[in-house]
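The sequence and model come next.

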Amino acid sequence: MATYSIWVLEYAYVPAAAAGAIVYGDYDRPPRKLPYAYILLKGPGVVAMVDVGYDAAAYGGEMANAFGVRGWQPPSAVLAEAGLRPEDVGHVLLTHAHFDHAGNTDAFPNAVFYLQERELSKWVWARALDARFRWLMAATDPSDIMRLVDLAAEGRLVSVNGDREDVLPGVDLRAADDTHTWGSQFVTIRNDGRRDSQDVWVMAGDLVYSFDNIVGHDPASPQYVPIGLAQCSQANLILATDAMVKLVGGETRRVIPVHEDALSQVYPHRVTHHGLKIIELALADGQASLVA
């Protein structure tokens, strides 16, 4: 009996992203579509999200244009496909502070946000370095960091230090320090609520972009291959990938990369009138499908 319905909600996409940015070493492979998406969880008394996207009207829009992002829709339009409003969201679990994951916190006025303390403090540290180190700020809008500090002042930011279980019933945060960013985290959902759950999902954030990062290109000889962008350590990315795979008992399709266009080949989905996909991972008892 599933506790949560889980959906991947696309809000934008890159039509042709460099393959080598998605899978390290794939520089000679053709470009790939790269969806931008966040996760919606809905359960008894809970409406929560994993990440919030960016605000196209702010500097995040300029950053998105530089990355070739197209088709952006605001959370109000994306969540309306699930019969919800941004105001309905009570909890947001931020995997990291890059602009396309943590850049639209203002759109969720009633939410409490969860972020690794190391993620916030190290972005402040990186910003304080001189201009020779500006690569370290790639994909990060300094204004997003200030908005996170403002959330702390409002009492709406939970600063997490390492792993934390049951931030919501059956939902755990797992630290992945010094990987894609300094304080990345991933989210595990024990969807039957049990400690020894056999129904575990992992929301990977940007620790993996694609199933190819988890299994490689050769089914006969699977391997972990890191993403192209690691502001810290690709070795740690591989170790984090292994940790995620172990948590799902080796069932790699339960490690969810939100930038993976092929999710719709694995799970039921539909395309909205905006041309964006809703991918249905799980349905709680009594919940109507959004894709049927």
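Rings of Phe, Tyr and Trp (its six-membered ring) pair if their centres lie within 6.5 Å; planes under 30 degrees apart count as stacked, over 60 as edge-to-face and the rest as tilted. The model is a predicted one: local features need pLDDT of at least 70, side-chain atom pairs count only at pLDDT 80 or more, and totals for chains, interfaces and linings use all residues. Residues are numbered from 1 along each chain as its sequence is written, and side-chain values use heavy atoms, with hydrogens and water left out.

**Aromatic pairs**

Searching the whole structure gives 10 aromatic pairs. Two of them are set out below.

| Pair | Centre to centre | Angle between planes | Class |
|---|---|---|---|
| Y11 and Y38 | 5.0 Å | 10° | stacked |
| F67 and F99 | 5.8 Å | 10° | stacked |

Y11 belongs to strand 1 (residues 5-17) and Y38 to strand 2 (residues 32-43), so their pair ties together parts 27 residues apart in sequence. Strands (E, at least two residues) and helices (H or I, at least four) are DSSP runs, numbered from the N terminus. Both Y11 and Y38 are buried, where buried means under 20% relative accessible area, exposed over 50% and partly exposed in between (1.4 Å probe, protein chains only).

One aromatic cluster is formed by Y11, Y36, Y38, Y54, F67, W72 and F99.

**Charges over rings**

A charge sits over a ring if NZ of Lys or CZ of Arg is within 6 Å of the ring centre and within 35 degrees of the ring normal. K33 lies over the face of Y13, 4.9 Å from the ring centre. Over the ring of W201 sits the charged end of R254, at 4.3 Å from the centre.

**Helix 2**

G60, G61, M63 and A64 are the buried residues of helix 2. Down the helix axis they fall within an arc of 160° (taken from the directions from the axis to the C-beta atoms), so they line one face of helix 2. The face turned away from this buried side carries the exposed residues E62, N65 and A66. Helix 4 is among the elements that cover the buried residues of helix 2. Just after helix 2, G68 has a positive phi of about 80°.

**Helix 6**

Does the buried side of helix 6 form one face or several? Its buried residues are D144, I145, L148 and L151. These fall within an arc of 110° seen down the axis, so they line one face of helix 6. On the other side, M146 and A153 are exposed. The cover over the buried residues of helix 6 includes helix 4 (99-102), strand 5 (112-116), helix 5 (117-128) and strand 6 (157-160). Just after helix 6, G155 takes a positive phi of about 75°.

**T179**

T179 is in the loop between strand 8 (171-177) and strand 9 (183-190). With a relative accessible area of 1%, T179 is buried. Leaving out residues up to four places away in sequence, T179 touches S184, L207, A230, Q231, C232, S233, N236, L237 and A240, contact being heavy atoms within 4.5 Å.
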